[in-house]
Amino acid sequence: MKRYLVTGASRGIGRAIAEKLAAPDVTLLLHGRDTVALAKTCKSVNSRCARVVRLIHDLALPKGVSELIAEVGDDPLDLLVNNAGVGIVKPFGEITMTEWEQTLGVNVTAPFLLMQHFAPKMPPGSSIVNILSIAAKTGYANWSAYCMSKFALEGFSQCVREELRDHKIRVVNIYPAATQTEIWDNVTGDWPRNKIMSATQVADAVTFALAQPPDVLVENITLGNLSGACDS
């Protein structure tokens, strides 16, 4: 029986990934903060999985990460998907310390703690998938906190990949351009929504990388719209 942990699975990319990963020989451990939304995700995959476990924890705080780790238990994971994230979109001079710390907590510290805890127990052939962003490679006005966190996770995960090579554990980084998620609910401006990708397209990239033979590593996948970037 395989065990897959997906953070931020309540909606958007996380939910789409969970739906793609559902299989009779898989236990899905699905994390989220929104109890109602996460319940809907679990219901959508329940009939296709061996088991579905709901994990309601706030990853902004180390305590929340520790509680999630304890609930996941000691059995090894075959896949860890670091998808949970927050996006603060405002001029850097207006970012509060609380917002800064929340961004660091969810987008950087939580993946660090989860990888640090679970990777040593993962069997050869396992994978870690980090949902990054094109914001891990390019800075954008008013996205400083978000870009900072994605740049940080980018550097960290590159190093982890090298450390885990000898253990035959793959580290895959996904870099989507603008994707239809709830982050856009709080973003002002006239954005060309027809250029924003669907969460399912990102999930397809994840399943493609995971479908490769165990000795094949798809290190990085960058996704964008053929007609151009989603700029205001």
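A residue is called buried under 20% relative accessible area, exposed over 50%, and partly exposed in between, with a 1.4 Å probe and protein chains only. The exercises concern a predicted model, in which local features need pLDDT of at least 70, side-chain atom pairs count only at pLDDT 80 or more, and totals for chains, interfaces and linings use all residues. Residues are numbered from 1 along each chain as its sequence is written, and side-chain values use heavy atoms, with hydrogens and water left out.

**Exercise 1. Determine how many disulfides the structure has.**

Solution. Step one is the criterion: a disulfide is a pair of cysteine sulfur atoms within 2.5 Å. Step two applies this to cysteine 42, whose closest cysteine sulfur belongs to cysteine 49 and lies 9.3 Å away, which is too far for a bond. Step three gives the count, which is zero disulfides. As to accessibility, cysteine 42 is buried at 8%, whereas cysteine 159 is partly exposed at 48%.

**Exercise 2. Describe the aromatic pairs of the structure.**

Solution. Step one is again the criterion: rings of Phe, Tyr and Trp (its six-membered ring) pair if their centres lie within 6.5 Å; planes under 30 degrees apart count as stacked, over 60 as edge-to-face and the rest as tilted. The structure holds two such pairs.

Step two takes phenylalanine 112 and phenylalanine 156: their ring centres are 5.6 Å apart and their planes stand at 80°, so the pair is edge-to-face. Because phenylalanine 112 belongs to helix H4 (residues 97-118) and phenylalanine 156 to helix H5, the pair ties together parts 44 residues apart in sequence. Helices here are DSSP runs (H or I, at least four residues), as are strands (E, at least two), numbered from the N terminus. Phenylalanine 112 is partly exposed, at 31%, and phenylalanine 156 is partly exposed, at 29%.

Step three takes tryptophan 143 and tyrosine 146, with centres 5.7 Å apart and planes at 70°, so this pair is edge-to-face. Tryptophan 143 is buried at 10%, and tyrosine 146 is buried at 13%.
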